[in-house]
Amino acid sequence: MSTETNPWEWSEDTWRGRVNHVRAGRALRPESWPGGARCAVALSFDVDHETNELRDGAQSIGRLSQGQYGNRQGVPRIMDLLRRHDIPASFYVPAVVAMLYPEEARAFVAEGHEVGIHGWIHERNSVLPEPVERDLQMRSADALEKITGARPVGIRTPSWDFSDATLAITRDMGLLYDSSLMADVDCYELHLAGENTGVVELPVEWIRDDAVYFNMARFAALRPYTPPEAVFDIFRREFDAAWAEGGLFQLTMHPHVTGYRSRIWILEALVEHIRAKGGAWFATHADIVRHAKAHAD
Ligand SMILES: [Zn+2]
């Protein structure tokens, strides 16, 4: 075993180099939000459907049917909710999902939502050779644009998995933002090896992701361990603190996780809570990033 594999034997250059490869730069916290709003609310939905199964090279008919539920029941329940409350949101769609369900992808854009990149087939970027990752990311943007008519300006990497090359590819594509990293509660500049890339991060967090609390795997020990009421409580506290701080509340959900009779109420109750509190600007990730970039102090 080479000493290079023992972290306690690394030179300072080695461990500093790893930490500094992709790093948060300046926080982009605007002095105010549009319309005098007190805080911003960024709702997002990762429309994985069948690709959660396909990306592992698997073909479980049962798991594929859960993916199809996302299209047949999950998305319609979410769209109905967003329509009734007149809320724009961001949908991150793997290219394969957009090709399986082009009408669904077009409906997102037609109803005023944003569609962003979410991989080709929900592949894990960190296991791909750089040229393959680059090709898939480019082709994903092209496929979404061809199907929806709208060129994506943002990316959420599948499973928030980032390779050493991901940020350079995103920068080279001229994308406005990424939404897969977790260094802050505000939008921030993304630096690559000490240089500002110009790409803005709109940060996510596993705490604000429905899948963390509700995922289950039949043949492994993974089971939902948090009751829906507790998930609502966590999300509400995240929002209340963002509101108190005048900041940004971002949430990641999945049609095949939240779009169920016993869970969709979490989002409904959260939206009602936010509306009752008042002063919240609901916007797509792209619009929030544009505002934060233009008005950061
Ligand atoms: Zn996903």
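User: Trp33, buried or exposed?
Analyst: Trp33 is buried, with a relative accessible area of 5%. Buried means under 20% relative accessible area, exposed over 50% and partly exposed in between, with a 1.4 Å probe and protein chains only. The model is predicted, so local features need pLDDT of at least 70 and side-chain atom pairs pLDDT 80 or more, while totals for chains, interfaces and linings use all residues. Residues are numbered from 1 along each chain as its sequence is written, and side-chain values use heavy atoms, without hydrogens or water.

User: How many aromatic pairs?
Analyst: The count is 8. Rings of Phe, Tyr and Trp (its six-membered ring) pair if their centres lie within 6.5 Å; planes under 30 degrees apart are stacked, over 60 edge-to-face, and the rest tilted.

User: Which residue pairs with Trp33?
Analyst: Trp281, in a tilted pair with 6.1 Å between centres and 35° between planes. Trp33 lies in the loop between strand 1 (22-28) and strand 2, and Trp281 in strand 10 (residues 280-282), so the pair ties together parts that are 248 residues apart in sequence. Helices (H or I, at least four residues) and strands (E, at least two) are DSSP runs, numbered from the N terminus.

User: And Tyr69 with Tyr260, what sort of pair is that?
Analyst: Stacked, because the ring centres are 4.3 Å apart and the planes are at 5°. Tyr69 is in helix 3 and Tyr260 in the loop between helix 10 and helix 11, so this pair ties together parts 191 residues apart in sequence. Tyr260 is partly exposed, at 22% relative accessible area.

User: Which residues do ring pairs link into a cluster?
Analyst: Phe45, Phe91 and Phe108. Those three are also among the residues that touch the most other members of the largest nonpolar core, which has 48 residues. Such a core is a set of buried Ala, Val, Leu, Ile, Met, Phe, Trp, Tyr and Cys residues joined through side-chain atoms within 4.5 Å.

User: Which helix gives the most to this core?
Analyst: Helix 11 (residues 264-277), with 6 residues. Apart from this core lies another, of 18 residues, among them Tyr177 and Leu202.

User: Switching to helix 3. Where is the kink centred?
Analyst: The kink in helix 3 is centred on Gly70, at about 40°. The bend at a residue is the angle between axes fitted to the seven residues ending there and the seven starting there.

User: How far does helix 3 reach?
Analyst: Helix 3 (residues 61-85) has 25 residues and reaches 35 Å from first to last C-alpha, close to the 36 Å expected. The expected span is 1.5 Å times one less than the number of residues.

User: What do the buried residues of helix 3 pack against?
Analyst: Their partners include strand 2 (39-46), strand 3 (90-93), helix 5 (102-110) and helix 11. Gly70 is one of the buried residues in helix 3. Just after helix 3, Asp86 has a positive phi of about 55°.

User: How many disulfides?
Analyst: The count is 0, where a disulfide is a pair of cysteine sulfur atoms within 2.5 Å.

User: Last one: where is Ile121?
Analyst: In the loop between strand 4 (114-117) and helix 6 (130-148). Ile121 is partly exposed, at 27%. Leaving aside neighbours within four places in sequence, Ile121 is in contact (heavy atoms within 4.5 Å) with Thr51, Leu54, Arg55 and Val96.
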